[in-house]
Amino acid sequence: MLNSKTHKTQEFLTTDTITRQLYSTAACIYEILPTAVAIPKNITEIESVFQFACDNSLSITPRGAGSSLAGQAIGDGIILDLTHFRKIKMLENNRVRVEPGVVYADLNRFLSEYGLFFPPDPSSGKWCTIGGMLGNNSSGAHSLQYGATKKYVHSLEILLADGTKINLKRGKRAEISDQMHEKLATILNENREIIENNQPKTTRTSSGYDVKSLLESDDLVDLFIGSEGTLGTILSAELDVVLIPKFRKTALFYFETLENSANAVKDLLPFSPSACEFMDHFFIGLTLKSKPKLKSLIPENTKFMLLCDFDGDDETELENRLKNASDLLMKNGKSSGFKIAQTDVECDILWDIRRAALAVLNQWKGIAKPVPFIEDVTVSPECLAEFLSRAYSIFEKYEATTAAFGHAGEGNLHLRPILNLRNSDDVTKMEQIADKIYGLVSEFSGSFTGEHGDGILRASFTQKYHPEMFRIFGEIKKNFDPENRMNLGKIWAENPQKISENLRFGDNYSRQKTETKFDENHLISQIELCHGCGQCRDYCPSFSASLDEFATARAKANVLRGMVSGKLNLSDLLEKSDIFDACIHCNGCWVDCPTGVDIPKLAVEFKTLKHTQIPLKNKFLFNTKLVSELGVNFAPFSNLLARSVTGKWFAEKMFGVDRRMEIQKFRRNAISEKVFAHRSKQQGRKVALFTGCHGTYSDTSELKSTVQLLEKLDVQVKFPFWRCCGVAKFSSGLQEEILDDAQFNTETLNSYIERGYDVVFTAASCGMMLKNEYPNLLKTEESKRVSDNILDIFLYLQKLYVDGQFRGEFLPISEKIIYHEPCHRRAVGTGDAVRFFLQKIPELEILEIEDHCCGMAGTFGYKNYDFAKDIGTPLFEEISRVNPQKILSDCGTCQVQIAQHSKKNTQHPIEIVNRSYHP
C-alpha cells in the first residue's frame, strides 16, 4: 500500500492500471509499467510528488512529450508528467524564460514576433518539449552552424532529489551544499586524466554527463544539461535566443559511390553550411516509393546524396559560398551533379526528399520494423567514409537491411536495421549488431549518441566500452542523488539493463483473445503499428485543448495493445472509456500520423463495444435529417423556439444541447428551393449532387450557388433522394444504426453512376462518410464503386477546368477572407482545390493563418460547449489576429462554430466562386 501523508497529493497522482499503461512506453522500443503517474500543475504539486516518492521509496522519472528514443521517459517508479508547465516570458538581452513543458515549435512561434528563434531543431520539434531538449542536450539538422541546446542555456532552476530547489547560473557558484561542491571537485580532480583521454573526437555528443565541459568551466549548468533528469528535475530555464537569418539557400548533391559522398562532407565544411544531411541508396529508394513525383529531382544513377542548407544575412555572400562549394565538388569529380534551390518553396521541396523516406520508415508494413537502437552514433566527419563502409559490412554479415541517413556535417548517423523483435533470433541479432557498432564507434573515438541521449538503451555499452567513465558517472550520480531516486537506470546504473530487456514487442509478446472484434488481424495490426512517437500531441485537437495524455491518439493504441496482449481487461477499459470518447473523429490521424495508424477506426470500434443502443438524449442530434426536416416544416416557429430562453433550457435538459450554443436557422422554403425550373435544359455533363443537411435545410445559398455555377458550366444537376450520411452516429460507435441508410445511399448513388452521372458532394463530413467509411462498413462492390467515383465539388470543378469547361472569366471581388479547411475535407484528400479557385478571383485577398480544428466535430460542440471552444480557441485567435471580412469553410457545422465564437460572417467557398465567375 502506497503511503500519502496528504490527500492533496492523490488529486494529481494516480495508481490506476490504465493510466499506468498509458505511461509505460514512449517513442522508444521499451515498455515498463510505472507504480504511479503524477500530473502536477504547479511547483507546489511537484514538491508534493517528491515528498510522496520519498515516503514510498519510489524513483521519479520526469517526462515531457515522451518523444525520446532511448527510454528516458519511462520507469518503474513515478512518472512525472510536466506537460502543463508551458509558461514563456520574454526577458531583456535576447533571452527568454521557459518552463519544461513548453513545446519547441510553440517557443519559436512566440519568438518569431520578435524576429528571434531558438536554434536547436530536433526532428520532433513540433511536439517535443524544452525540458526534454535540456535533458538530452538536443540538437538537429542545423546544429552544424548553430550548435546544440547547451550553447543557449544561461540559467536553470532545479529541484534536487531531496526536494531542495537550487538555481544555476553561468559564471556563478552553484547553490549546492559545500559537501556536494567538495565531493564534485574531488571526483573531477582525481579523474582529470581519464576524462581528458576518453572524450569523443566529435563536435556533437549527448552521451553520459558532460564532465569535460565541467572541468573547463566549473559550471554546473554544463553538468545538468544532458543529464536526462537523473540528477534533478528542471523547473525552468533561461535561454539565449538569436536573430532569424534573412536568407536561406539549399543544395542537393548527387553521388554514385559511398566514398565520394562521405569524403565530400570534408570539402563542404569550409563553406560553412548550416546543415549537411546524408542519405544512402536504401533511403533514396524509400523516398521514390513514397513520392514518385520526386523522381525528377534525383538522377537515375544516384546512390547517395548530401542535402545542404546555407543561411545568412548577406544574400550575395551566401550565393558565392554555395557556388564555390558546388564548383569544387564538380571539379574534383566527387559529385555527379547537383540542384540548387533559391526560394523557400524550392528549399522545402528538396527537404521533402529527406522527410518522405522517414514517412515510409515509420509506416513500414509487416512485423519486422526499422528499429532505433543504433540510431544516433557519431564519428568525426574525417573518418565518415571508413566508418560507414565498415558499418555496412556488419549489416551484411547479419543480413540486416538498414536505412542510413543523418547529419553528415557532424558525423551524426541515424542507422535503422529492419528486424522482427518478436523473434528471438532477431533479438539476438539486435544485441550482436549493437555490440559491433558501438565497439566500432569506440574504435573511431566517436560518441554512442550525438543528440538522442543514453537513456536505458546505451548505459550497458558505456559500461562495457568505457568502464572508467562509467564509474565516474556513478560517483557524480551518487553525489547529487545518494538515494538513487532520480530517473533510475538512465546514463548510469549499478546493473545496467541489457538492450534486449523490457522490450515492448519482445519474443515474450503474445496476442490474447478478447472475444471482441479486436481479435481481427487488421485491427490488431493497426494497434501494433503505433510506435509511440507522440506526434499526435501536435495535431490532435482533443490533446491541444486538454493537455492530457489520455486524449492523444497514442493513448488509444497503448491501452488497446494492453488489452490484446492480456495486460488490461476490457471491463476496466469500458469504465475508463473517456480515453476513446476524447476522439472527436476529426480523422487527423489518417492525414498526419507518421505511422498511418487509423486511430479513428479503432476508437469507433471501441465505442461500438460500449454502446448497445442510442441514449434518449442523443436521439435528437443523431437524427440530423429528421430534425432538420421538422425544423423546416415548422419554421419560423421552430427558429423562434430554438432561440428562446425556454427553448434553450428545454433542449439542454432533454437533448444535451448546451443553452449557450446558437442553433442555425431552418429555412422555411428550403425544400422547395431544390426545384430549379430551368436546370433540365442543360445538355452537357450530368451531376448527381449529394447536398447534406446543412446545405439543404439551413444554408441554402450553398446549394443554390453550387447549382448555378454548375449550370454556368453546362452541367445538368440532379438531386438524388438521400438519407442522413450518419456521421454523428458513426463517430459515436453506433455503426449498426446507420447500415440501412448507408446501404440506401450507396445503392441510390450507384444507380446514377451506372447511368453516366458524375457524383459530387458539397459537405465535407458527408463526403468523408461516403468515400472513407461506407466501404469499410458495408464491404460491398456498390460502396466501393461510389467511393471510387464520388468527388468533392471543388475537385470536380478543377476537373472541369482542366477539360476546358471554364470558358468565361472571374470578375473582381474586393474582400479580405480566410479559408478554414475542415478536418473531414483533409481526410478525403482534396488537396488545394479550393485555393486553386479562390486564387483566380481578382482583388480577393486571402489572409494566411495557421489553421486549426474549430472544435465543432459535427454534433460534438452542441453537447460539449466549453471543450469544443477550447479546441477551437487557437483558430479563433488567428481569426481575430488577421480580422477578415469573411470566413470560408466547406463544412456547415464548422461555419456554425466559427460564427458563434468569432462573430464573423461565414459561408461556403462555392458562394464566392459562383459570384465571381461569369460565363
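This briefing covers salt bridges in the structure above. The model is predicted. The count comes to 53 salt bridges.

**Lysine 249 and glutamate 319**
- The side chains of lysine 249 and glutamate 319 form a salt bridge, at 3.7 Å from N to O.
- This pair links distant parts of the chain, 70 residues apart.
- Lysine 249 sits in strand S12, residues 247-255. Glutamate 319 sits in helix H13, residues 315-331.
- Lysine 249 has a relative accessible area of 3%, which is under 20%, so this residue is buried.
- Glutamate 319 has a relative accessible area of 34%, so this residue is partly exposed.

**Arginine 354 and glutamate 277**
- Arginine 354 and glutamate 277 meet through their side chains in a salt bridge, at 2.6 Å from N to O.
- Arginine 354 counts as buried, at 7% relative accessibility.
- Glutamate 277 is buried too, with a relative accessible area of 0%.

**Lysine 477 and aspartate 481**
- A salt bridge joins lysine 477 to aspartate 481, and their closest N and O atoms are 2.8 Å apart.
- Lysine 477 counts as buried, at 2% relative accessibility.
- Aspartate 481 also counts as buried, at 2% relative accessibility.

**A network**
- Salt bridges also link residues into a network: Arg95, Arg97, Glu238 and Asp240.

Terms used. Residues numbered from 1 in each chain as written. Predicted model: local features only at pLDDT ≥ 70, side-chain atom pairs only at ≥ 80, totals over all residues. Heavy atoms only, no water. Salt bridge = Lys/Arg side-chain N within 4 Å of Asp/Glu carboxyl O. Helix = DSSP H or I, 4+ residues; strand = E, 2+ residues; numbered from the N terminus. Buried < 20%, exposed > 50% of the residue type's maximum accessible area, 1.4 Å probe, protein only.
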